[in-house]
Amino acid sequence: LPFYFFVSAIVCFIGGGYLFSIRLVSFIAYLLTAGLISYYAGKKGDPYPWFAGLIFLLIPLSVFYSQIGLIEPLLTLLITAAVVFFDLSFERKSVGLALLSGLALGLALITKYTALPILGLLVIIFLSKSVVINRRKNLAKAIQLDLLSGLTCLLALAIFFSVFLFFRLKDPFLFNYQTRVIFGLEGGLGIAVFPFTRNLLPDWFNLQNLIYWFGWPFLILGFFGFRQLFARRQLIIFLAFSLLFYSVLAKAPFYIRYFYVLLPFFALFVYWGLITFLRKVPTLPLKILIIAIFTLSYLPLSYRAYQSARHDLLEQATRSAGLPDKEFPGFVFSNYWPNILGHIAGSEKTSWLATNQREVSAYYSAAEADSFTLLKKYGGVVFLENLYSKEIANPPARAEAVERLRISRQPEAVVFDESPNFPYYPEEVKNSVEIYLIKKGDSL
């Protein structure tokens with residue numbers, strides 16, 4: 001769906017390249033989400049509300065994913081805004097906040113299509129809260145709350161359906177396919193309505209991974225903060241978090257970035273757990289000291305995540321191969337994402353290394369043959385990445401091509417990367433890229 005790319009295109013138009021633009025949008029969304037969390041804590045009357053946003057900024061997963069130009073930070077900002085403004089609109093009986101919530105919800109729906117069932121369920125639950133619970137107590141109050149939830153729902157759906165109808169009319173086949181994927185009706189991908197038919201708690205959901213991704217102090221405080229949801233009667237926050245957490249469990253295949261949408265809620269839980277503890281601390285200087293120690297102890301984890309997001313392995317590899325070069329006549333092939341590599345290498349003739357023409361044409365539509373035929377005819381460079389490419393679903397045509405190249409010849413160079421690979425691999429795991437320089441007419 002278009003909103004993320006629309007915002008990125010505006011940034012790109014103002015100034016900056018493609019990768020810079022999408023990374024800037026993600027980073028700004030990361031900062032705004034922190035501000036929104038602090039705003040919400042302040043409106044709830046909690047002490048040190050700025051610290052709630054700081055916790056979000058320190059979470060290693062939020063540090064990492066805010067740097068690499070993914071759609072999740074913008075989606076998370078919009079979902080958080082929708083939930084926060086909706087909660088406050090109920091509390092303050094504010095039409096303006098309800099409209100802000102509807103606007104954020106509508107923009108979230110046109111940011112990532114796979115968020116539709118989650119947000120759709122949120123709207124239903126919010127409406128149910130207004131119509132069912134409050135109507136039993138006070139008819140006038142129920143009508144007012146129905147108006148607030150109705151405004152939120154109508155504005156969100158108006159924004160969404162304008163885009164929904166456009167895509168439905170433009171390409172019905174692709175639209176229907178994406179819908180099937182979302183609801184887990186296409187090859188086991190998407191959201192399973194009942195995830196426990198696979199495994200209620202997948203293999204990745206274990207204490208070792210959670211400590212690596214979040215750090216044990218945040219996990220402990222988050223647990224105690226989550227319990228505060230019930231003492232504080234934060235029903236909307238509880239429902240929003242529960243539905244989003246359910247969607248993470250139900251997603252297949254699972255990617256760690258899916259956790260990002262939960263991080264604002266997790267930051268609030270950690271914050272509530274911390275302020276509950278601080279209320280028992282007798283003096284202000286001691287409270288400040290505890291906050292300072294807590295923050296400083298997390299900086300190494302946050303910095304590790306920052307370093308992991310600053311990889312330049314592909315840039316090093318392309319420079320070693322003499323790219324970008326406007327006079328370079330050959331092709332660039334890889335087992336890693338060609339759109340990223342093509343941008344770095346400055347070549348439009350970039351695609352998957354594959355033994356059939358269809359895979360090659362996925363990123364270079366003018367390709368008239370498989371990778372090996374094109375390399376023999378025109379020459380080129382092949383980059384084989386040795387770590388993250390293993391996580392990409394590789395059809396036989398791509399897997400066979402990698403094996404065939406490695407059997408037929410040795411790489412001209414291998415570039416190594418010593419940076420950490422958080423959150424995917426432990427500290428000791430390092431990455432490398434093999435570079436194969438193919439001359440026109442070479443036998444492969």
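A charge counts as sitting over a ring if NZ of Lys or CZ of Arg is within 6 Å of the ring centre and within 35 degrees of the ring normal. By that criterion Arg398 lies over the face of Trp352, at 3.7 Å from the ring centre, and Arg257 is placed over the face of Tyr255, with 4.9 Å to the ring centre.

Before I go on, a word on what we are looking at. This is a predicted model, in which local features need pLDDT of at least 70 and side-chain atom pairs count only at pLDDT 80 or more, while totals for chains, interfaces and linings use all residues. Residues are numbered from 1 along each chain as its sequence is written, and side-chain values use heavy atoms, with hydrogens and water left out.

Let me start with the overall picture. The protein has 19 helices and seven strands, where helices (H or I, at least four residues) and strands (E, at least two) are DSSP runs numbered from the N terminus. Of its 444 residues, 50% count as buried; here buried means under 20% relative accessible area, exposed over 50%, and partly exposed in between, with a 1.4 Å probe and protein chains only. If contact means heavy atoms within 4.5 Å, then among contacts with a separation of 6 or more, 71% come from residues 24 or more positions apart.

Now to the interior. A nonpolar core is a set of buried Ala, Val, Leu, Ile, Met, Phe, Trp, Tyr and Cys residues joined through side-chain atoms within 4.5 Å. The largest such core has 107 residues, and those with the most contacts inside it are Leu61, Trp213, Phe218, Trp272 and Phe383. Helix α5 (residues 72-92) gives this core its largest share, 13 residues. Another core lies apart from it, with 18 residues that include Ala367, Leu384, Ala401 and Tyr436.

Rings of Phe, Tyr and Trp (its six-membered ring) pair if their centres lie within 6.5 Å, and planes under 30 degrees apart count as stacked, over 60 as edge-to-face and the rest as tilted. A search of the whole structure finds 36 aromatic pairs. In one of them, Trp50 and Phe51 have ring centres 5.5 Å apart and planes at 80°, which means that the pair is edge-to-face. Phe51 is buried, at 2% relative accessible area, whereas Trp50, at 48%, counts as partly exposed. Tyr212 and Phe422 are also edge-to-face, because their ring centres are 5.2 Å apart and their planes stand at 75°. Tyr212 belongs to helix α10 (residues 207-214) and Phe422 to the loop between β6 (413-417) and β7 (431-438), so this pair ties together parts that are 210 residues apart in sequence. Both Tyr212 and Phe422 are buried. Trp50 and Phe51 also belong to one aromatic cluster, whose members include Trp213, Phe218, Phe266 and Tyr298.

I will finish with the backbone. Most residues other than glycine have a negative phi, and most peptide bonds are trans. Tyr48, although not a glycine, has a positive phi of about 50°; Tyr48 sits in the loop between α2 (18-43) and α3 (49-58) and is partly exposed at 25% relative accessible area. Lys93 likewise has a positive phi, of about 55°, in the loop between α5 and α6 (95-109), and Lys93 is partly exposed at 32%.
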